[in-house]
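Dear colleague,

Please find the structure below, together with its sequence.

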Amino acid sequence: DVLREVETLASKGYKEVVLTGIHLSSYGVDFSKEERESLLSLIQAVSKVAGIQRIRLGSLEPRIITEEFLEGIVATGKVCPHFHLSLQSGCDGVLKRMNRRYTTEEFARSVEILRRVYEHPAITTDVITGFPGETEEEFAPTVSYLEKIRFFEMHVFPYSRREGTVAADMPGQLTEKEKKQRSSVLLAMTARHSKEYREYYIGKEQEVLFEQCHEIEGRQYLTGHTRNYVRVAVPVEGIDPAEMTNQERICCLTGFADDETLLGTY
């Protein structure tokens with residue numbers, strides 16, 4: 001079914017696909033032994049579809065990041081070095097209360113493997129602030145841990161109480177003010193880290209898949225993304241946007257167009 005969908009998209013000119021799902025890392029475990037597949041075998045099959053140049057992956061469990069898994073996806077030559085690993089907290093005590101099946105040490109090991117295999121991979125994550133019982137003493141190591149990991153981007157969410165869940169009845173429910181204050185600390189951090197990540201590419205050449213025209217501060221640009229999911233904008237003056245849309249081009253990145261976009265020359 002996945003391959004049929006990808007083949008249909010490729011026949012319509014799509015060059016990049018995202019494989020995503022609620023439990024993407026567990027893909028294939030519910031198949032019969034005779035038909036057993038894995039996320040890696042699916043990626044390898046998708047990579048062989050004519051016309052597909054880029055494959056991105058949705059949210060992954062940290063434990064899927066092994067030397068064997070990365071060796072397999074690197075060999076396809078099509079998986080983008082852009083990975084979203086589920087974290088939620090940088091404190092092991094909070095992770096245990098969340099019923100997460102990994103530790104901060106295991107997570108850091110997955111990040112280390114990614115950075116050893118890829119040059120400057122884009123690693124993103126989700127973080128929840130103010131989970132029931134999260135004290136200042138537990139939030140502090142989360143801040144230190146996130147400073148050490150230095151993600152490309154963090155999606156920060158204050159804990160939202162939902163009736164009927166185990167967490168809703170846990171003691172130590174934080175106030176909205178406390179959750180918002182902690183979120184603001186992490187949002188400021190991710191803004192800083194994201195800028196630092198993008199700055200690394202200034203002065204370098206990157207392959208950009210152009211997507212659409214976009215106005216930035218009153219000026220028209222053709223925008224697209226690198227394989228690391230850095231957005232790049234090229235001024236439309238002197239180029240034919242229709243000719244470059246949905247095409248990959250090597251661009252030299254020269255600076256910032258805005259906080260989330262690098263300027264490129266083609």
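Two strands are said to pair if DSSP finds at least two bridges between them; helices (H or I, at least four residues) and strands (E, at least two) are DSSP runs, numbered from the N terminus. This is a predicted model, in which local features need pLDDT of at least 70 and side-chain atom pairs count only at pLDDT 80 or more, while totals for chains, interfaces and linings use all residues. Residues are numbered from 1 along each chain as its sequence is written, and side-chain values use heavy atoms, with hydrogens and water left out.

The barrel

Five strands close into a barrel, in the order β7-β8-β9-β11-β10, with mixed pairing. From one strand to the next, the twist averages 45 degrees (axes are lines fitted to C-alpha atoms, for helices over the stretch in contact, and angles run from 0 to 180 degrees between N-to-C directions).

Strand β8 (residues 219-226) is mostly covered, as six of its eight residues are buried. Buried means under 20% relative accessible area, exposed over 50%, and partly exposed in between (1.4 Å probe, protein chains only). Strand β7 (residues 205-216) pairs with β8 in the antiparallel sense over eight bridges, and the two form a hairpin with two residues between them. On the other hand, β8 is joined to strand β9 (residues 231-235) by five bridges, again antiparallel. The residue G224 has bridge partners F210 and V232.

Aromatic rings

Rings of Phe, Tyr and Trp (its six-membered ring) pair if their centres lie within 6.5 Å; planes under 30 degrees apart count as stacked, over 60 as edge-to-face and the rest as tilted. A search of the whole structure finds seven aromatic pairs. In one of them, the ring centres of F107 and F151 are 6.0 Å apart and the planes stand at 65 degrees, so the pair is edge-to-face. F107 lies in helix α5 (residues 104-117) and F151 in the loop between α6 (136-149) and β6 (153-158), 44 residues apart. F107 is buried, at a relative accessible area of 0%, and F151 is buried at 1%.

A buried arginine

Which helix holds R182? R182 is found in helix α7 (residues 176-199), and counts as buried because its relative accessibility is 6%. Not counting residues up to four places away in sequence, R182 touches T129, E134, T135, E136, F139 and L174, where contact means heavy atoms within 4.5 Å.

Yours sincerely
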